[in-house]
Each structure stands twice: as structure tokens, then as C-alpha cells.
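Here is a short report for a reader meeting this structure for the first time. Please look over the sequence and the model before reading on.

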Amino acid sequence: MSFDINVLIEQWPAIVSGAGVTIMIWVFGTIAAAALGFLLAVARQYGGLVVDKALGLIVAVLRGTPFLIQIFLVYYGGPFVGLSLDPLPAGLIGISIYGAAYFSEIFRSGFRAVPRGHIEAGECVGLTQGQIVRRILLPEMTMLVLPPSVNMAVILMKETAVLSIITVPELTATLSAIGSQQYAFVEALSALALFYWVLVEFTGRLGNLAETKLSRFRFFNA
Amino acid sequence: MSFKLFELLLQASIYTVTISVVSILIGFAIAILLSGMLLSLRRHLVLPARIFISFFRGVPLLVQLLLIYNLLPVIGINVPSVVAAVIGLSLCTAAYQAENLRGGFASVPVGLVESAEMVGLTPGQIFRRIKVPTALRLTLPALVNEAILILKASSLVSVVGIVELTRMAQDLAGSTFLPLQLFASAGLIYLVINWIVALAGGLIERSLPGAPR
């Protein structure tokens with residue numbers, strides 16, 4: 001068994017481009033998923049019973065089926081309902097919708113967990129509704145939703161690898177192709193695993209750091 | 001879409017369930033070992049377990065599967081692809097389950113253990129009759145969660161050529177040009193399986209001794 005790192009060095013432009021696509025999908029996908037999830041949570045909170053139940057069903061379906069099946073539905077099923085997408089946009093849409101389902105649950109628990117008393121106390125000392133939202137609700141919620149959100153961002157980072165199956169030119173697809181063309185699976189796949197491992201660990205550490213920095217907003221004993 | 005196609009999907013889903021169940025069980029056995037290593041006070045045991053867990057939680061399952069599938073032949077081990085898939089899923093779920101078990105053992109109330117010591121139970125008895133049942137009760141919800149995650153993640157073993165539910169849907173979609181119906185049906189089957197698992201988990205949880213009623 002030989003380990004020839006030169007195979008990868010020769011292919012560096014393709015690898016850098018693949019890594020770029022992976023990170024781009026992750027960053028935009030996570031932001032879109034969080035925004036969409038927030039809207040979902042708000043709609044379920046304030047939209048009345050019917051909206052809540054209908055959206056709840058959609059969230060349950062998205063959380064109960066594999067991401068791969070959802071991606072196949074968007075990419076291969078889309079054209080049959082007049083939605084022909086290239087792999088990259090299909091992947092971005094897929095990952096955003098998938099992530100939104102989980103993010104909506106995170107935000108919902110965030111809304112619920114801010115104690116009613118804190119809001120009432122704010123009203124008592126004469127804060128306006130806007131001030132209450134800005135200075136009580138959002139900071140306290142941020143502390144609560146931060147750890148699960150970082151977790152979700154890490155999960156979405158790992159899900160980007162699945163997009164290689166619908167031929168999105170991200171790092172997994174790039175390195176698998178190099179592996180099979182040059183017959184250098186060991187080198188290519190080790191580099192791939194290392195890339196994800198480092199990025200996921202780094203994101204986790206960054207999340208912990210943010211949590212420590214924001215701990216002055218903490219109001220619960222955990 | 002004819003019923004014949006749906007029947008083929010159902011048959012393939014047996015494969016999905018089998019692979020998932022076997023992986024969960026093997027993963028659980030490895031997880032017990034790992035959580036024991038994590039809870040031991042010897043550094044040379046804790047560190048390898050930490051690295052194992054960090055790796056298998058930090059690398060996408062698809063990449064793990066590709067690595068195992070392509071690497072085993074390189075180091076001279078030729079196994080059928082289904083074995084490679086089960087190894088991949090087991091190692092991955094072991095890492096998650098080990099963390100859950102560690103949490104479960106760590107949250108066994110100290111008072112419970114102390115009172116067991118007071119009434120004269122031996123350390124072995126305390127482990128078997130107090131710590132293990134309490135920790136299992138605490139980790140059961142997480143275990144059910146993990147089972148559902150693995151059932152969904154098993155869709156990825158389709159990439160190493162195993163014809164389970166996802167691969168069957170893919171193959172049929174290719175030959176019948178009914179991707180929408182087939183993938184939606186496959187999704188529905190996954191949903192029903194996961195729903196049954198969640199329901200069964202809830203029932204077991206309530207039937208365990210010491211459950212709140």
C-alpha cells in the first residue's frame with residue numbers, strides 16, 4: 001500500500017474548486033435553512049391552528065424521510081412538475097428545505113422557553129414591545145437556540161457530501177472522481193475525510209466559544 | 001404507478017430494516033465498550049475512544065462508507081459490499097450511542113448508588129442492578145432517536161450498490177420514468193417505518209419499571 005500525496009497536489013485547482021463549492025453550499029444552505037425555519041416557526045406560532053397543523057405535518061415528513069430521497073424528489077422528480085433544475089440549485093434548495101424543518105423546531109422551542117415572567121417584568125418597568133423583543137426575547141432566545149443551531153449547522157455540513165450523488169461538483173464528487181481516475185482512493189478519500197473532520201471540529205469549537213461569550217445573557221441553570 | 005412497483009419497494013424495505021437493525025445492535029455493543037473506555041480513569045483508554053468518536057461524528061457517513069468500501073480491498077480484505085455497509089453504519093452509530101450511554105451513566109443519581117452501598121450491595125451488584133437499568137432508562141429515548149437516524153442514513157448504502165429501499169426506488173425510476181411517484185412512495189415507507197419505531201419506543205419506555213404513569 002502506497003500513499004502518494006502528489007496525485008492530489010497535481011489536481012489542486014479541481015480540489016480547491018470542489019472545496020469552495022462545498023463551503024458555499026454549506027454557508028448559503030445553512031443561512032437559507034435558518035431563515036426559512038424561523039419563518040416556519042413564526043407561522044406556526046402565530047398562524048392559528050390550521051396553519052400550525054399543516055406545517056407540522058410537512059415538518060414531520062421532512063424529518064422522517066432520508067435527505068437522499070428528498071434530493072432525488074427535487075432533482076429527478078422536479079422536471080415532471082415543470083421544475084428542471086441543475087444539480088447545484090437543486091442541491092441548494094434541497095438542503096435549505098431539509099434544514100428548515102429542523103431549524104423551525106429549534107426556534108419553536110426557543111420561543112416557548114423564554115419565561116413569561118421576564119416579558120411581564122419588562123412590561124412592568126415600562127419597556128415598549130419593540131424593546132422587549134430586542135432586549136429580552138431575542139437575547140434570551142439566542143442563548144437557548146445557539147447550541148442546537150450550531151449542531152444543525154454541523155449536520156448540514158456533513159449532508160453536503162450527499163449532494164455528490166446528484167452530481168453537484170462539490171468536494172466529495174471531485175475527490176471521488178480523482179480517486180477512480182488515478183486509482184488513488186486511499187489518498188483522495190483520506191483527504192476528504194480529513195477536510196470534513198477538521199471543518200466540523202472547528203465549527204463545533206467556534207460554537208462553544210460563541211456560547212461562552214454570550215453566556216452573560218444566560219438566565220437558566222444548565 | 002402499479003401496485004407491483006409498490007410491492008417491490010416494500011420488499012426492498014425489508015433489506016433497509018434488516019441492515020439498520022443489525023447495525024444498531026452491533027453499534028450498541030461497540031458503544032458499551034467505548035463508553036466504558038470514556039468513563040475509565042486511564043488516559044490510554046480515554047484518548048483512543050475520544051478520537052474514534054470525534055472521527056465518526058465529524059466525517060459524513062457517505063465519506064465513511066466510501067472509505068471503508070474502497071479501503072478494505074486495498075489492505076487485502078475482500079468482503080461483500082453489504083458487510084462493508086454494515087461495518088460503516090455500525091461504527092458510525094457506535095460513536096453516537098457511546099456519547100449517549102456515557103451521558104446516561106453519568107446521570108445516574110449519586111444518592112441511588114450510595115443507598116445501594118448502604119444496604120450492602122457489592123460493586124458488581126450495584127452495576128448490574130442499579131447503574132445499568134437506570135442508565136438504560138435514561139438513554140432509551142436517545143436510542144430510539146438513533147434508530148430512526150440510522151434507518152434514514154441506511155439510504156446512503158445505496159451508493160455501494162446494495163439494493164435496499166432507496167436503490168430500488170432509483171432503479172425503478174430509471175426504468176419506468178415515474179420518479180415522482182416512486183420516490184414519494186419510498187419516502188412514505190420510510191415515514192411509516194420511523195413512525196412505528198417511535199411508537200414502539202414510546203411503548204417500551206412506558207412499560208419499563210419506574211416509568212412515570
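What follows covers the contact between the chains, the salt bridges and one annotated span.

## The model

This is a predicted model.

## Where the chains meet

Chain B and chain A touch through 33 residues of chain B and 33 residues of chain A. The size of an interface is often given as the accessible area lost when the parts come together. Here, the area buried between chain B and chain A is about 2,800 Å². Carbon and sulfur atoms give 80% of that area. Three residues stand out on the chain B side: B:Lys152, B:Leu180 and B:Phe183. Together they supply 19% of the area that chain B buries against chain A, more than any other three residues.

How many salt bridges cross the interface of chain B and chain A? The rule finds zero. Polar contacts do occur, with a count of seven residue pairs between chain B and chain A, both partners at pLDDT 80 or more.

## The chain B side of the interface

Which helices of chain B supply at least two residues each to the side that touches chain A? They are helix 2 (43–58), helix 3 (61–74), helix 7 and helix 8 (179–207). Helix 8 of chain B gives the largest share, nine residues.

The residues on this side of chain B can also be sorted by type. They divide into 22 nonpolar, nine polar and two charged.

## A salt-bridge network in chain A

Over all chains, the salt bridges number eight. Some of them join up: A:Arg44, A:Asp52, A:Glu105 and A:Arg108 are linked in a network of salt bridges.

One link pairs A:Arg44 with A:Glu105, with the closest N and O atoms 3.3 Å apart. A:Arg44 lies in helix 2 (residues 12–46) of chain A and A:Glu105 in helix 5 (residues 87–113) of chain A, so this pair ties together parts that are 61 residues apart in sequence. Are the two partners buried or exposed? A:Arg44 is buried, with a relative accessible area of 12%. A:Glu105 is partly exposed, at 24%.

A:Glu105 also forms a salt bridge with A:Arg108. There the closest N and O atoms are 3.2 Å apart. Both residues lie in helix 5 of chain A. They are three residues apart, about one turn of the helix. A:Arg108 counts as buried because its relative accessibility is 13%, and buried means under 20%.

## A salt bridge in chain B

Chain B has a salt bridge between the side chains of B:Asp171 and B:Arg167, at 3.3 Å from N to O. These residues are four residues apart in helix 7 (residues 165–176) of chain B, so about one helical turn separates them. B:Asp171 is partly exposed, with a relative accessibility of 38%. B:Arg167 is partly exposed as well, with a relative accessible area of 25%.

## An annotated span

Which residues of chain B does the UniProt annotation cover? An unreviewed UniProt entry gives "domain: ABC transmembrane type-1" for residues 9–201 of chain B. In the model, this span is 84% helix and 0% strand. Its end C-alpha atoms lie 25 Å apart.

Key:
Residues numbered from 1 in each chain as written. Chains lettered and ligands numbered in written order. Predicted model: local features only at pLDDT ≥ 70, side-chain atom pairs only at ≥ 80, totals over all residues. Heavy atoms only, no water. Salt bridge = Lys/Arg side-chain N within 4 Å of Asp/Glu carboxyl O. Buried < 20%, exposed > 50% of the residue type's maximum accessible area, 1.4 Å probe, protein only. Contact = heavy atoms within 4.5 Å. Buried area = accessible area lost by both parts, 1.4 Å probe. Polar contact = N/O pair within 3.5 Å; in protein donor to acceptor, adjacent residues only side chain to side chain. Nonpolar A, V, L, I, M, F, W, Y, C, P; charged D, E, K, R; others polar. UniProt positions renumbered as here; feature names shortened; annotations may be inferred.
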